[in-house]
Amino acid sequence: MSISDARVSPPPAPVVGAALLQPLRVPKASDVLAEELAGRISRGDLREGEVLPPEREMVLQTGLSRTSVREALRVLEIRGFVEIRSGRGGGAFVRRPSGHDIASTVRLVVRGTQVSLAALLQTRATIEPACAGLAAVRRTEVDLLEMDTNNLVMAEAQDVNRFLRSNVDWHMAVARAAGNELLSGLMEALAELIYDSTGYAGSVDGHVRAETCRAHQAITAAIRAGDKELAQRRMTRHVEAYVNVVADGISVGDGVVGGLDWTGHAH
């Protein structure tokens, strides 16, 4: 029998009712418009301080409903890409997001996804030494003055909460001295989230406070000297010591596993 004589089985008939496609997620029109405008602002096509067209004109230009345009502007305002001013001479004014806007976004994401304290500490331990190293290269006299001022407030603080707040302010001064808005934005978010999550004020005794001030002074000195490697090493040791204090003050009942090492892993 030749090949041509062989019977060829027909393909199986499709099963009636079988799903060939999955449900599609179609983005909202307002989100598409918000992303388009955010991209133009980020690229510099729309300059800071420039006012966007009125809502009515944007409706005509885009073909979207007034509700979609208004929602897109609200999204842009939340993300820090526009400032909405009301009244005569008002409108949607273009602005470039700052490190503070980045911090707000990161905090929302972290709280919404319930990121663990261990992950926060691990992220901080990864990026803060890098901030100290960059600060040693890029710091200004104003940056150094801010670090010195916060160190002095910490050393003289009688109230533990004031000490802790000045501690956060010193770390933020180092992050800003790094000259990178993304890093400073991440550090602002991490510092506030960790500050809110630990609640370890009772563990901050006189010894811990004195050691923290000494560590800050040593790191500031390395930054002032422009010694990148030394600033990174000293910040790494400081973060490790901080995590040890936090881990000792946290119990399993608090929903966080105690005994964290400086990388954020349980041991």
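This is a predicted model: local features need pLDDT of at least 70, side-chain atom pairs count only at pLDDT 80 or more; totals for chains, interfaces and linings use all residues.
1. Which residues make the α6 contact with α9? From α6 come L144, M147, D148, N151, M154 and A155. They meet T212, C213, H216, Q217, T220, I223 and R224 in α9. By class, this contact of α6 with α9 has six nonpolar, five polar and two charged residues.

2. Helix α9 (residues 206-225) also packs on helix α7 (residues 160-177). Here the angle is about 20°, and the axes lie 12 Å apart. Helices α7 and α9 are therefore roughly parallel to each other. The crossing of α7 and α9 is left-handed.

3. On the α7 side, the contact uses V160, F163, N167, W170, H171 and V174. Their partners in α9 are R209, T212, C213, H216, I219, T220 and I223. Sorted by class, the contact of α7 with α9 has seven nonpolar, five polar and one charged residues.

4. Now the interior. In soluble globular proteins, nonpolar side chains tend to be buried together. The largest nonpolar core in this protein has 39 residues. Within that core, M147, W170, V174, M187, I223 and M235 touch the most other members. Two or more residues each come from α5 (117-138), α6 (141-156), α7, α8 (181-198), α9 and α10 (228-248). Another core, of 16 residues, lies apart from it; A34, L76, V82 and A92 are among its members.

5. W170 deserves a look on screen. What does W170 touch, leaving aside its neighbours within four places in sequence? Its contacts are M147, N150, N151, M154, H216, I219, T220 and M235. Among the core residues that touch the most other members are W170 itself, M147 and M235. H216, I219 and T220 also belong to the α9 side of the α7 contact.

6. Last, the whole chain. The protein has ten helices and two strands. Along the sequence, the pattern runs α-α-α-β-β-α-α-α-α-α-α-α. How much of the protein is buried? Of its 267 residues, 37% count as buried. Consider contacts with a separation of 6 or more: residues 24 or more positions apart account for 68% of them.

Definitions and conventions
Residues are numbered from 1 along each chain as its sequence is written. Side-chain values use heavy atoms; hydrogens and water are left out. Axes are lines fitted to C-alpha atoms, for helices over the stretch in contact, and angles run from 0 to 180 degrees between N-to-C directions. Helices (H or I, at least four residues) and strands (E, at least two) are DSSP runs, numbered from the N terminus. Angles under 35 degrees count as roughly parallel, over 145 as roughly antiparallel, 65 to 115 as roughly perpendicular and the rest as oblique. A crossing is left-handed if the near helix is turned anticlockwise from the far one by less than a right angle, and right-handed if clockwise. Contact means heavy atoms within 4.5 Å. Ala, Val, Leu, Ile, Met, Phe, Trp, Tyr, Cys and Pro count as nonpolar, Asp, Glu, Lys and Arg as charged, and the others, Gly among them, as polar. A nonpolar core is a set of buried Ala, Val, Leu, Ile, Met, Phe, Trp, Tyr and Cys residues joined through side-chain atoms within 4.5 Å. Buried means under 20% relative accessible area, exposed over 50%, partly exposed in between (1.4 Å probe, protein chains only).
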